Amino acid sequence: MCGWAEARFSAQPQGVASIGFHLRHVPGSLERLLTYADGQALTKGQIAAIPSEGIDDGIPLSQLLTELREAKDRTLERDSSTDPDSLPEPRSVGRAGLPSTRLGLLFHTAEHARRHAGQVVATAAIIRGLGLADE
């Protein structure tokens with residue numbers, strides 16, 4: 001994706017979510033999953049931030065990538081400092097209190113981020129296929 005114009009990251013070809021959305025969503029989702037893994041409820045601030053993940057407000061790509069790297073680093077640090085004996089502890093997720101475990105939520109952080117990485121690759125391929133890339 002090197003050399004692409006910043007505008008390509010807000011493109012929604014064929015109605016799919018933009019690359020910028022995925023880059024913006026992953027840090028927030030990781031934070032929320034880690035909050036649940038710690039056995040806590042989301043804060044009002046975390047809940048209020050969710051809708052902004054879908055808004056293209058011109059955040060530069062460099063900032064989106066910095067926030068993504070920082071979220072990844074925080075997640076890996078948190079994972080590595082987790083007491084292995086706490087992994088089977090039950091956890092509740094969301095307002096519905098869906099059942100999980102600390103291990104399940106930590107595993108889901110990787111799974112969720114990987115899924116969005118795949119969607120970024122697919123969206124980039126669509127952009128290239130439609131001739132929207134300025135390569």
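**Checking the labels, one by one**

Reader: Why does glutamate 53 count as buried?
Author: Its relative accessibility is 7%, and buried means under 20% relative accessible area (over 50% is exposed, in between is partly exposed, using a 1.4 Å probe and protein chains only). Glutamate 53 is therefore on the buried side of the cut-off.

Reader: Before we go on, what kind of model is this?
Author: This is a predicted model, where local features need pLDDT of at least 70 and side-chain atom pairs count only at pLDDT 80 or more, while totals for chains, interfaces and linings use all residues. Residues are numbered from 1 along each chain as its sequence is written, and side-chain values use heavy atoms, leaving out hydrogens and water.

Reader: Where is glutamate 53, and which residues is it in contact with?
Author: Glutamate 53 sits in the loop between helix 2 and helix 3. Skipping neighbours within four places in sequence, glutamate 53 is in contact with Phe21, Arg24, His25, Gly28, Ser29 and Arg32; contact here means heavy atoms within 4.5 Å.

Reader: How do you know that the side chains of glutamate 53 and histidine 25 make a polar contact?
Author: The distance between them is 2.6 Å. A polar contact needs a pair of N or O atoms within 3.5 Å (within protein, one must be able to donate a hydrogen and the other to accept it, and residues adjacent in sequence count only if both atoms are side-chain atoms). The side chains of glutamate 53 and arginine 32 are joined by a polar contact too, at 2.7 Å.

Reader: What about aspartate 38: how exposed is it, and where is it found?
Author: Aspartate 38 has 29% relative accessibility, so it counts as partly exposed. You'll find aspartate 38 in the loop between helix 1 and helix 2 (44-49). Not counting residues up to four places away in sequence, aspartate 38 touches Arg78, Arg91 and Arg102. With the side chain of arginine 102, the aspartate 38 side chain makes a polar contact of 3.0 Å.

Reader: What makes glutamine 14 exposed?
Author: Glutamine 14 has a relative accessible area of 64%, so the label is exposed. Glutamine 14 belongs to the segment before helix 1. Its phi is positive, about 60°, although glutamine 14 is not a glycine.

Reader: Is threonine 35 buried or exposed, and what about threonine 123?
Author: Threonine 35 has 6% relative accessibility, so it counts as buried. Threonine 123 has a relative accessible area of 4%, so it is buried. Threonine 35 lies in helix 1, and threonine 123 is in helix 4. Leaving out residues up to four places away in sequence, threonine 35 touches Gln40, Ala41, Leu42, Gln46 and Arg78. With neighbours within four places set aside, threonine 123 is in contact with Pro13, Val16, Ala17 and Ile19.

Reader: How many helices and strands does the chain have?
Author: There are four helices and two strands. They're DSSP runs (helices are H or I with at least four residues, strands are E with at least two), numbered from the N terminus. Along the sequence the pattern reads α-α-α-β-β-α.

Reader: Why are helix 1 and helix 4 called roughly antiparallel?
Author: The axes of helix 1 (residues 19-37) and helix 4 (residues 102-129) cross at roughly 175° and come within 9 Å. Angles over 145 degrees count as roughly antiparallel (under 35 is roughly parallel, 65 to 115 roughly perpendicular, the rest oblique). So helix 1 and helix 4 are roughly antiparallel to each other.

Reader: What makes up the largest nonpolar core?
Author: It has nine residues: Phe9, Ala11, Ile19, Leu23, Leu61, Leu64, Val120, Ala124 and Ile127. A nonpolar core is a set of buried Ala, Val, Leu, Ile, Met, Phe, Trp, Tyr and Cys residues joined through side-chain atoms within 4.5 Å. Helix 1, helix 3 (61-80) and helix 4 each supply at least two residues of this core, and the largest share, three residues, comes from helix 4. Apart from this core lies another, of eight residues, among them Leu33, Leu34, Leu105 and Leu106.

Reader: And how much of the chain counts as buried?
Author: Of its 135 residues, 33% count as buried.

Terms used
Axes fitted to C-alpha atoms, helices over the stretch in contact; angles between N-to-C directions.
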